[in-house]
Amino acid sequence: MARIQIPIDALTSRLNLGSRLEGVRSQSLSTRFANLRPISEFLNLSRLSKPANFGEAQSRVNYNLGYFSSNYVAVGIMLLIYSLLTNLTLLFDIVFVGLGLFAVKKLDGRDLELGFARATTSQLYTGLFVIAVPLFIWANPISSALWLVGATGVSILGHASFMDKPIDTAFSEEAV
């Protein structure tokens with residue numbers, strides 16, 4: 001049976017994702033949020049319009065992903081926080097594992113002595129693993145991750161495709 005070859009490069013080259021991700025990796029956090037656009041500009045209802053065709057929608061997405069990139073990261077972070085606050089079991093498990101790893105690391109390789117029992121670091125890691133993994137599976141992180149990807153994609157791509165470019169950029173593109 002022949003394998004189906006999907007040209008990922010051809011799909012992602014239209015949105016110029018490679019160079020966009022290069023810029024994200026090379027920036028610090030303060031530089032990343034330095035160009036955060038004001039909320040009045042980000043949610044300017046007078047610039048919302050339906051694109052005439054797919055080419056115009058693609059042009060708007062290319063422009064807005066670069067222009068509002070910090071705002072879109074902030075939207076993604078807010079949706080992540082909302083996702084964790086609505087799935088408290090997953091949030092508890094993440095905090096439990098984080099605090100458990102911190103507490104075991106704080107022992108500096110020594111055994112934990114409780115007076116009536118003694119536990120080595122490997123026993124503590126095993127206990128943490130035995131408690132955290134079933135709790136993690138029960139928290140259903142896959143549905144949270146899929147919801148997060150879908151909600152982020154719909155909100156960001158929806159905003160980017162319906163938000164019209166500023167008039168000065170539209171005229172500068174036509175002149176070329």
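Select Glu113 and Arg118 to begin: they form a salt bridge in which the closest N and O atoms are 3.2 Å apart. This is a predicted model, so every distance on this tour is computed from predicted coordinates. Glu113 counts as exposed because its relative accessible area is 54%, and exposed means over 50%. Arg118 is exposed as well, at 57% relative accessibility.

Asp111 has a relative accessibility of 29%, so it counts as partly exposed. In total, the structure holds four salt bridges.

**The whole chain**

Now zoom out and colour by secondary structure. The chain has 10 helices and two strands. Read from the N terminus, the order of elements is α-α-α-α-α-α-α-β-β-α-α-α. The chain has 176 residues, of which 24% count as buried.

**Helix H5**

Select residues 54-67, which make up helix H5. This helix has 14 residues and reaches 20 Å from its first C-alpha to its last, close to the 20 Å expected at 1.5 Å a residue.

Which residues of H5 are buried? They are Ala57, Gln58, Arg60, Val61, Asn64 and Leu65. Colour these six and look down the axis of the helix. The buried residues of H5 fall within an arc of 160°, so they line one face of the helix.

Next, go to the N-terminal end of H5 and show Asn53. Asn53 caps this end of the helix. One of its side-chain oxygens lies 3.3 Å from the backbone nitrogen of Gly55.

Select Arg60, which lies in helix H5. Is Arg60 buried or exposed? Its relative accessible area is 2%, so Arg60 is buried, the limit for buried being under 20%.

Arg60 forms a salt bridge with Asp164, and their closest N and O atoms are 3.5 Å apart. The pair links distant parts of the chain: Arg60 is in helix H5, while Asp164 is in the loop between H9 and H10, 104 residues apart. Asp164 counts as partly exposed because its relative accessibility is 29%. The contact between the side chains of Arg60 and Asp164, at 3.5 Å, is also a polar contact.

Stay in this loop and select Lys165, which is placed between helix H9 (141-162) and helix H10 (167-175). Lys165 has 10% relative accessibility, so it counts as buried. Show Ser59 too: the side chain of Lys165 makes a polar contact with the side chain of Ser59, at 2.5 Å.

**Two residues with positive phi**

The next two stops concern the backbone. Most residues other than glycine have a negative phi. Select Asp108, which is not a glycine but has a positive phi of about 55°. Where is Asp108? It lies in the loop between helix H7 (88-106) and strand S1 (112-113). At 63% relative accessibility, Asp108 counts as exposed because this value is over 50%.

Then select Asn140. Its phi is near 60°, again a positive value in a residue other than glycine. Asn140 lies in the loop between H8 and H9. With 40% relative accessibility, Asn140 counts as partly exposed.

**A nonpolar patch**

For the last stop, show the surface and select Phe129, Val130, Ile131, Val133 and Ile137. Together these residues make a nonpolar surface patch of about 500 Å². Pick Ile137 from this group: it is found in helix H8, residues 121-138. What is the relative accessibility of Ile137? The value is 61%, so Ile137 counts as exposed.

Key. Residues are numbered from 1 along each chain as its sequence is written. This is a predicted model: local features need pLDDT of at least 70, side-chain atom pairs count only at pLDDT 80 or more; totals for chains, interfaces and linings use all residues. Side-chain values use heavy atoms; hydrogens and water are left out. Patches are made of residues with over 30% relative accessible area and no salt bridge: like charges are joined within 9 Å, nonpolar side chains (Val, Leu, Ile, Met, Phe, Trp, Tyr) within 5 Å. Accessible areas come from the Shrake-Rupley method with a 1.4 Å probe; for residues, only the protein chains shown count as cover. A salt bridge is a side-chain nitrogen of Lys or Arg within 4 Å of a carboxyl oxygen of Asp or Glu. Helices (H or I, at least four residues) and strands (E, at least two) are DSSP runs, numbered from the N terminus. Buried means under 20% relative accessible area, exposed over 50%, partly exposed in between (1.4 Å probe, protein chains only). The expected span of a helix is 1.5 Å times one less than its number of residues. The arc is that of the directions from the helix axis to the C-beta atoms. A polar contact is a pair of N or O atoms within 3.5 Å; within protein, one must be able to donate a hydrogen and the other to accept it, and residues adjacent in sequence count only if both atoms are side-chain atoms.
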